[in-house]
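Hi everyone, and thanks for coming. Please bring the structure up on your screens, and we'll walk through it together.

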Amino acid sequence: HYFFHDNTAPFLAMRLIQRLVMSNPGPRYIQTVAEAFKSGSYASGSASFGTGRYGDLSATFAAIYLDRAARNVLLDKDIASGAIREPVLKVMSLMRSMEFASLAPVIITDDVVENIGQMAHEFDTVFSFFLPEFKPYGRVGDALLVSPEATLLDIPKIVGLLNGLSSMVKFGLSGCDKGFAGPKCGERSYLPSPNGILEFNKTYVGSESAFSYETFEGPSLKGGLDNRWVGKGFDANNGKTILDPTDNNNNVLHFPVSTRASYFFSPPVPNLDSSGNAVVVKFRYLGLQLNTGGCIGYVDGSHEFLTTQTWALCDNNGSTMQSNGQWISCQFVVPSDLASFRITVADILSPGGDAYFDDIQIGSGNVTTCTGVDVPKLDPPGAEGYSSTVVNRLSTLLTA
């Protein structure tokens, strides 16, 4: 019977080790796992595994994972140790490490095999996706080493994998930009996929968080957005956070050029203060010359598509919002008939590049003016070293 053939145990040991630990196991490692399969038992320290019956898989897998060849970190320096991660496991690793949150009852993917050459339960033959003795061209093959997973490493599949992972980071589980959810693309930049999104560090909670203030200092206090601002139509924008031209210790919002992509929209803002009164938006503004073209206003927060706006203040002829090279403090009233609104900021003068905004916040008041307005300097919500902490955590998670 084949099950009891002398070659069965070492054959299975070799194939299981290749799939689970390393592509090129040594003879001792193969022998250890084969003996565990045949004897049905394996001991590691004070722990023992198996029932003592031939073919016991608990003993076999214990031998695979607990042997020193699988656990000794010194082997990480050995170029012959380890294995290439399978494409589908790379996708799952990203989703797991970046905390994929499904927004649909069932996670549905499409065209994954076409894009990366592999998907669960979709192998072409009973021999799985790989050739176990496959030797890729180059140094690995020249060293007479095998790399079964490299069977799938052709250029179209590598590009397909990178496109799919990039799409998931940008849109969530979507078909946009060759994503893994099929050919259709219904999402727009900054508007997450209804199928699910990556929620690393809980940056997305099912909907946008309400806006309270923006310092433009960012998560690491080195310049960035404290809130999730979006462009017109939830699309991309060219708003940048840069150093204050008058203070190297402060970061501000700037639009290098004036285009449709300069329009910048905040998260929704409830239009009532603690006393039930309509709110005002306070901010600081700098125009490096007269009539610079900086504008700020609002749009109804219930609008699904951000395609229109109402400017409350603009730096143009006859406006009260003219700073002429000095920072000024202003505020504008939001109509009380709006239950919620989004703040809109832009540089509408072509070619643009001379308007700066900072310290946008919600306050109380009943007049639109740039005279006698107090715009307090609020503490940024970020923390020193935040970005480095996230990168370090990700570098560990994405290789796990």
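This is a predicted model: local features need pLDDT of at least 70, side-chain atom pairs count only at pLDDT 80 or more; totals for chains, interfaces and linings use all residues.

**A first walk through the model**

Staying with helix 5, which covers residues 87–97, which of its residues are buried? They are P87, V88, V91, S93, L94, M95 and S97. Two of those names, P87 and V88, come back in a moment, as both are touched by Q118.

So let's turn to Q118. You'll find Q118 in the loop that runs between helix 6 (112–116) and helix 7 (139–142). Is Q118 buried or exposed? Q118 counts as buried because its relative accessibility is 1%, and the cut-off for buried is under 20%. What does its side chain do in there? It makes a polar contact of 2.7 Å with the side chain of E86. A polar atom of the Q118 side chain also lies 3.1 Å from the backbone nitrogen of V88. Leaving out residues up to four places away in sequence, Q118 touches E86, P87, V88, V112, V113, F129, F130 and L152.

Which side chains does K377 meet through polar contacts? One is D358, at 3.1 Å, and another is D359, at 2.9 Å. If we set aside neighbours within four places in sequence, K377 is in contact with N250, R284, D358 and D359. K377 and N251 are 126 residues apart in sequence, while their C-alpha atoms are 12 Å apart in space.

Let's zoom out to the whole protein. There are nine helices and 15 strands. Along the principal axes, the C-alpha atoms fill a box of roughly 95 × 45 × 45 Å. The radius of gyration is 29 Å, whereas a compact globule of 400 residues would have one near 21 Å. Of the 400 residues, 42% are buried. Among contacts with a separation of 6 or more, 68% are between residues 24 or more positions apart.

Last, the surface and the charges. The accessible surface is about 21200 Å², and carbon and sulfur atoms account for 56% of that. The protein carries 29 positive and 39 negative side chains, with the centres of the two sets 8 Å apart.

That's the tour, and I'm happy to go back to any part of it.

Terms used: Residues are numbered from 1 along each chain as its sequence is written. Side-chain values use heavy atoms; hydrogens and water are left out. Helices (H or I, at least four residues) and strands (E, at least two) are DSSP runs, numbered from the N terminus. The radius of gyration is taken over C-alpha atoms; the globule rule is 2.2 Å times the number of residues to the power 0.38. Buried means under 20% relative accessible area, exposed over 50%, partly exposed in between (1.4 Å probe, protein chains only). Contact means heavy atoms within 4.5 Å. Accessible areas come from the Shrake-Rupley method with a 1.4 Å probe; for residues, only the protein chains shown count as cover. Lys and Arg count as positive and Asp and Glu as negative; His and the chain ends are not counted. The place of a charge is taken as NZ of Lys, CZ of Arg, CG of Asp or CD of Glu. A polar contact is a pair of N or O atoms within 3.5 Å; within protein, one must be able to donate a hydrogen and the other to accept it, and residues adjacent in sequence count only if both atoms are side-chain atoms.
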